[in-house]
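Please open the model in your viewer and keep the selection tool at hand. The stops below are ordered so that each selection leads on to the next.

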Amino acid sequence: MLSSNASLGPPAFFLTGFPGLEKFHIWISIPICSMYLVAITGNCTILFMIKTDPTLHEPMYYFLSMLALSDLGLSSATLPAVLSVLWFNHRPIHFDACLVQMYFIHTFSILESGILLSMAFDRLVAIRNPLRYTSVLTNDTIIKIGVGVALRAAFFVFPASFLLKRMQYGRTNVLSYPFCLHQDILKVVRSDRRLSSIYGLMVVLSSMAVDSVLLMASYIMILKTVLSIASKVERLRTLNTCVSHICAVVTFYTPMIGLSMIRRYGESAPPVVHILMANVYLLVPPLMNPIVYSVKTKQIRTRIVKNFWKDKGSMEAS
């Protein structure tokens, strides 16, 4: 029996923690909460370093600050719902709140994909045309790129929320994860879902799929330029400037592909595996990006070490 949102009110949605492991939710929440805290602290540190250190006011670090903001947004969109399920077993979520959370999760995911592509363009210009680097990537250009990728993400996802709002659902709808994802909400739709499903696929193809193709094309061009450098030392030095970005790309796309594959071909896998992959997809990039850039980027690493010793010296003096 179909239930209409208009006539019977909004349907009831319930999030899911780790089925069969409910009595261990508190223990499971400890590593998950710790990773969230590290992700939030790390990205805030990156933003603070870039803002306060004039030597980091360069295009590469401006894009890095955009990536950190995107990671903070993604963490903030998922953390409250995850902890409410794991700590308090509070599973109900209002239909509109679920759509809002879904909107922000997918918006920040597409935004991160666009920022990673922008950072690839930054590396491409820096390696192929180093003399024109600052003239091509001016502050105005960086602002336009940032606004462009943000608007693309915001406008792409909005119709998906609108389409889901017009769908019909049962009175009780149990989702598969401790947060709301578009493909998961579609599973509980009781009316024709083809239009919403096709639109979701088109959004993925026109954003993340296109971004991944352009990313590969950018690195093919970068690799051709690097291989044309005569000195082996210079080749390695040039490639080393891309290591952090490559790690960020791998960290972002690998969990996403893994989640897509297990949803499509892993129907027989236990629900816990699906939930674990979904948490990895949303948690690992915000966690790893500040760690990778802090370790591999000399300027940021040096700045963090200086601040640490400065604070330690101040404490000893007092």
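Begin by selecting M119 with its surroundings: leaving aside residues up to four places away in sequence, M119 touches F63, L64, L67, H245 and Y293, where contact means heavy atoms within 4.5 Å. This is a predicted model, in which local features need pLDDT of at least 70 and side-chain atom pairs count only at pLDDT 80 or more, whereas totals for chains, interfaces and linings use all residues. Residues are numbered from 1 along each chain as its sequence is written, and side-chain values use heavy atoms, with hydrogens and water left out.

Helices (H or I, at least four residues) and strands (E, at least two) are DSSP runs, numbered from the N terminus.

Now show α4 together with α11. Their axes come within 12 Å and cross at roughly 35°, the axes being lines fitted to C-alpha atoms, for helices over the stretch in contact, with angles that run from 0 to 180 degrees between N-to-C directions. The crossing is left-handed, a term used if the near helix is turned anticlockwise from the far one by less than a right angle (right-handed if clockwise). To see the contact, select I105, S109, E112 and M119 of α4 with Y281, L282, P285, N289 and Y293 of α11.

Next, go to the aromatic rings. Rings of Phe, Tyr and Trp (its six-membered ring) pair if their centres lie within 6.5 Å, and planes under 30 degrees apart count as stacked, over 60 as edge-to-face and the rest as tilted; by this rule there are eight aromatic pairs. F13 and Y169 make an edge-to-face pair, 5.5 Å centre to centre with 70° between the planes. Because F13 lies in strand β1 (residues 12–14) and Y169 in the loop between α6 and β3 (172–174), the pair ties together parts that are 156 residues apart in sequence. F13 is buried, with a relative accessible area of 1%, and Y169 is buried too, with a relative accessible area of 0%.

Which residues does V82 touch, not counting residues up to four places away in sequence? V82, found in helix α3 and buried at 1% relative accessibility, touches I32, Y36, P178, F179 and N279. The C-alpha atoms of V82 and G17 are separated by 7.7 Å, although these residues are 65 residues apart along the chain.

Two loop residues come next. D53, in the loop between α2 and α3, counts as buried at 10% relative accessibility; D53 and I300 are 247 residues apart in sequence and 9.4 Å apart in space, C-alpha to C-alpha. N89 lies in the loop between α3 and β2 (92–93) and has a positive phi of about 55° although it is not a glycine. Most residues other than glycine have a negative phi.

Finally, colour the spans 24–50, 62–88, 100–121, 142–164, 198–222, 242–262 and 274–293, which the unreviewed UniProt entry lists for "transmembrane region"; UniProt positions are given in the numbering used here, feature names are shortened, and annotations may be inferred rather than shown by experiment. Residues 142–164 are 100% helix and 0% strand, with end C-alpha atoms 34 Å apart. For residues 274–293, also 100% helix and 0% strand, the end C-alpha atoms lie 29 Å apart.

Notes: Buried < 20%, exposed > 50% of the residue type's maximum accessible area, 1.4 Å probe, protein only.
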